[in-house]
Amino acid sequence: MLHEIGEQLPHLLPQLDRLARLIDSIHPDTWDFVAEEDGQDDDVVWPERPTLTVTTDGEDLDVDVDSEPGRVTVRVQADLPDLLRALAHALRSADVDALAAAAREADGAGATH
């Protein structure tokens, strides 16, 4: 199992970073177009904002008021398996499978570049 962990982790981190950059690069109007083409309700907002819930000791949590009004920075120290499970659960709850399927099938709207 250690070897599998050693194989998986180095691939996961760059993929998460790349995926974040790709999602950030899509204009909100394009997400609206893709959702509409997929037959989603008008009130569906893509990409969704999943809720990440991590249970940890209170001493492992730090909240700072950000320099931008109304924003905070939350730092949570959590065990890696708990963090990964929480991320997976949040993404499943946000139904990113529907978003992924619609993105795969998108035609036009700069779907391939």
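Start by selecting Asp 62, which is partly exposed, with a relative accessible area of 34%; here buried means under 20% relative accessible area, exposed over 50%, and partly exposed in between (1.4 Å probe, protein chains only). The model is predicted: local features need pLDDT of at least 70, side-chain atom pairs count only at pLDDT 80 or more, and totals for chains, interfaces and linings use all residues. Residues are numbered from 1 along each chain as its sequence is written, and side-chain values use heavy atoms, with hydrogens and water left out.

**Stop 1: the salt bridges**

The term stands for a side-chain nitrogen of Lys or Arg within 4 Å of a carboxyl oxygen of Asp or Glu. Asp 62 is in strand β1 and Arg 75 in strand β2 (residues 72-76), 13 residues apart, and the pair links distant parts of the chain. Helices (H or I, at least four residues) and strands (E, at least two) are DSSP runs, numbered from the N terminus.

Next, select Asp 64. Its side chain and that of Arg 75 also form a salt bridge, at 2.2 Å, N to O. Asp 64 lies in strand β1 and Arg 75 in strand β2, so this pair ties together parts that are 11 residues apart in sequence. Arg 75 counts as partly exposed at 39% relative accessibility, and Asp 64 is partly exposed at 31%.

Move to helix α3, where Arg 85 and Asp 82 lie 3 residues apart, about one turn of the helix. Shared partners join Asp 62, Asp 64 and Arg 75 into one network of salt bridges. The side chains of Arg 85 and Asp 82 meet in a salt bridge of 3.3 Å, N to O. Arg 85 counts as exposed at 54% relative accessibility, while Asp 82 is partly exposed at 33%. The whole structure holds 3 salt bridges.

**Stop 2: the nonpolar core**

Select Trp 31, Val 34, Ala 35, Trp 46, Leu 99 and Ala 102, the 6 residues of the largest nonpolar core. Such a core is a set of buried Ala, Val, Leu, Ile, Met, Phe, Trp, Tyr and Cys residues joined through side-chain atoms within 4.5 Å. α2 (28-37) and α4 (96-105) are the elements that give two or more residues to this core. The largest share, 3 residues, comes from α2.

Centre on Trp 31. Leaving aside neighbours within four places in sequence, Trp 31 is in contact (heavy atoms within 4.5 Å) with Ile 23, Ile 26, Trp 46, Pro 47 and Leu 99.

**Stop 3**

Colour Thr 30, Trp 31, Val 34 and Ala 35, the buried residues of α2. They cover an arc of only 140° around the axis, taken from the directions from the helix axis to the C-beta atoms, which puts them on the same side of α2. These buried residues pack against α1 (2-25) and α4. On the other side of α2, Asp 29, Glu 36 and Glu 37 are exposed.

**Stop 4: backbone geometry**

Most residues other than glycine have a negative phi, and most peptide bonds are trans. Follow the chain past α2 to Gly 39, whose phi is positive, near 85°. Then select Trp 46 and Pro 47, joined by a cis peptide bond with omega about -15°. Pro 47 is in the loop between α2 and β1 (61-65).

Finish at Asp 95, in the loop between α3 (80-93) and α4. Asp 95 is not a glycine, yet has a positive phi of about 55°. At 41% relative accessibility, Asp 95 counts as partly exposed.
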